[in-house]
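Hello,

Here is the structure I promised to pass on. Please open it first, then read my notes below.

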Amino acid sequence: MKRHQPVYLEKVVYNLRGGFLVRPLIIAIILGCTGAVLSELEETFPQISNLVPHALFPSHLDHQVAQTILSTIAGSVMTVVSIVFAILLMSLTLASMQFSPRIIVSFTKDRVTQWTLGVFLGTFSYCLSALPAARSLPAPFAPVATISGAMLLALVCVAWLLFFIHHISQSISVNYIVDRIATETESVIDEMMPIPRRGHRHVLTEEGLPTETGAPVLSPVSGYIRHIDIDRLMRAAVSHKVTIVVTRRVGHFVPAGVQLLHVTNPDKLTPALAEELVGQFDIGPTRTLQQDIEFGILQIVDIALRAISPAVNDPSTAISCIDHLSRILIRVGSREESPTRFYNPPGKLRLYVPLLGLDRLVHSAFDQIRSYSKGDAAVSLRMLRALTDVSVTVDDTETRGMLALMGRRILAGSESTLGDDELVEMRQRMIRLDKLATIQTSEEGQL
């Protein structure tokens, strides 16, 4: 089990950043313990109660008033919690129906919502933990300082509820949703590709891989590959003197019993080694943004496709999605490609892990939108402008040529449905895309 710990630890850390379970539960436990400890300290050291002004709590010995305050706050907070859950459920339902079911993942990672649930549940736990301290036997006692804390938490809950309603009204806006997805995707890019690009971009290919099939290692479960621990795979390959070729990349669905990777030295593949290698993969029922840049792109593409569908007919939303897709692609284009081949010693391939390059991400971003927007001049124009923006930020011929080819496909699709008047500006933008590729080729020829 120790071999699997880093992958499990990465999974736990990622889950701590998302979901409605961990962070609200931690906040509720902390506030609940605070109420119990504070009331106990106040009973042990009665002078603490004297710190509370009498104007705020005139009778420091009236346990009935203390019980009434604590029970009223606890009951009111739980009523508000049910309202918060209703608002949240309604927002998730509307967002999934109007935009895409994929974006629910980003909603569950919203920290404001997590803190809202945590603060309200924590206030209830605080009052419930402090309530037993307000009693008449063996001697009347009212935890005045603890009750003052409960009253303060109640005011915080009122203010937080107003803030939450304001936040949730913004969070279901499509521009807010798309911007949040793009920001999260850029964070993944920064983590996966931390080095700024300094030279010619290398196209990721499978050329030069071992030709022999080797001994396959099968996936024990069905699901999407969400995280691969490359460092530990490399250490395993070096320590066992084998070459590991991963056949499924992050984001791929792997059915149980299908090959996950293969080892080129069949005689060295033991059951223990196979278990160790499989343990470096986090496979789950849904895709996540742990290492999957394409998943962020596909979420935005889903929203754009829903917007340009005949039932919705909202090209403005699709245009907004294309703008954010361009910023993601520009971020990818500004970084060095993550390595896919790892050698030890130099010249000896030990590990190959497939990854998506900029060319594949461009296709993921625009292929489907291109197919569904042939009759929409505004959306097609914005795609050509996005391709131009990406092309300006890169400086190698192959990438610019690929972007120009995508632009020609967009133009060809529009020519079959749009009139000449609508195609004039599109052809002008296509000419600029072609010029960018030509200028780059000329510069490289001079070099």
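**Aromatic pairs**

There are 2 aromatic pairs in the structure. Rings of Phe, Tyr and Trp (its six-membered ring) pair if their centres lie within 6.5 Å; planes under 30 degrees apart are stacked, over 60 edge-to-face, and the rest tilted. The ring centres of Trp160 and Phe163 are 6.0 Å apart and their planes stand at 80°, so this pair is edge-to-face. Both residues sit in helix α6 (residues 144-171), 3 residues apart, about one turn of the helix. Trp160 is partly exposed, at 24% relative accessibility. Phe163 is also partly exposed, at 38%. Here buried means under 20% relative accessible area, exposed over 50%, and partly exposed in between (1.4 Å probe, protein chains only).

The other pair is Tyr224 with Phe253, again edge-to-face, with 5.1 Å from centre to centre and 70° between the planes. It links distant parts of the chain: Tyr224 is in strand β2 (residues 223-228) and Phe253 in strand β4 (residues 253-254), 29 residues apart. Tyr224 is partly exposed at 27%, and Phe253 is partly exposed at 40%.

**Before you go on**

This is a predicted model: local features need pLDDT of at least 70, side-chain atom pairs count only at pLDDT 80 or more, and totals for chains, interfaces and linings use all residues. Residues are numbered from 1 along each chain as its sequence is written, and side-chain values use heavy atoms, with hydrogens and water left out.

**The whole chain**

The chain has 15 helices and 8 strands. These are DSSP runs, numbered from the N terminus: helices are H or I with at least four residues, strands are E with at least two. Of the 447 residues, 48% count as buried. A contact means heavy atoms within 4.5 Å. Among contacts with a separation of 6 or more, 79% come from residues 24 or more positions apart.

**Buried spots**

Which residues of helix α9 (residues 271-278) are buried? They are Leu273, Ala274, Glu276, Leu277 and Val278. Their cover includes β1 (215-218), α8 (230-240), β3 (244-246), β5 (259-263) and β6 (281-284).

Thr185 is in helix α7 (residues 174-192). Thr185 is buried, at 0% relative accessibility. Its side chain reaches the backbone oxygen of Ile181 at 2.8 Å. Leaving out residues up to four places away in sequence, Thr185 touches Leu289, Ile293, Gly296 and Ile328.

**The cavity**

The structure holds 1 cavity of 30 Å³ or more. On a 1 Å grid over the protein atoms alone, a cavity is a set of points where a 1.4 Å probe fits but cannot get out; lining residues have an atom within 4 Å of a point. The largest cavity has about 210 Å³ of space. A volume is the space filled by probe spheres set on the points, which are joined across faces, edges and corners. The lining has 18 residues, and Met192, Gln291, Ile293, Leu355 and Leu356 lie nearest the centre. Helices α10 (293-307) and α12 (358-372) each supply at least two lining residues.

**Backbone details**

The peptide bond from Asn344 to Pro345 is cis, with omega near -5°. Pro345 lies in the loop between β7 (341-343) and β8 (349-352). Lys241 is not a glycine, yet its phi is positive, near 55°. Lys241 is in the loop between α8 and β3, and is exposed at 51%.

Best wishes

Methods:
On a 1 Å grid over the protein atoms alone, a cavity is a set of points where a 1.4 Å probe fits but cannot get out, and a pocket is an open set with protein on both sides within 12 Å along at least five of seven lines; lining residues have an atom within 4 Å of a point. A polar contact is a pair of N or O atoms within 3.5 Å; within protein, one must be able to donate a hydrogen and the other to accept it, and residues adjacent in sequence count only if both atoms are side-chain atoms.
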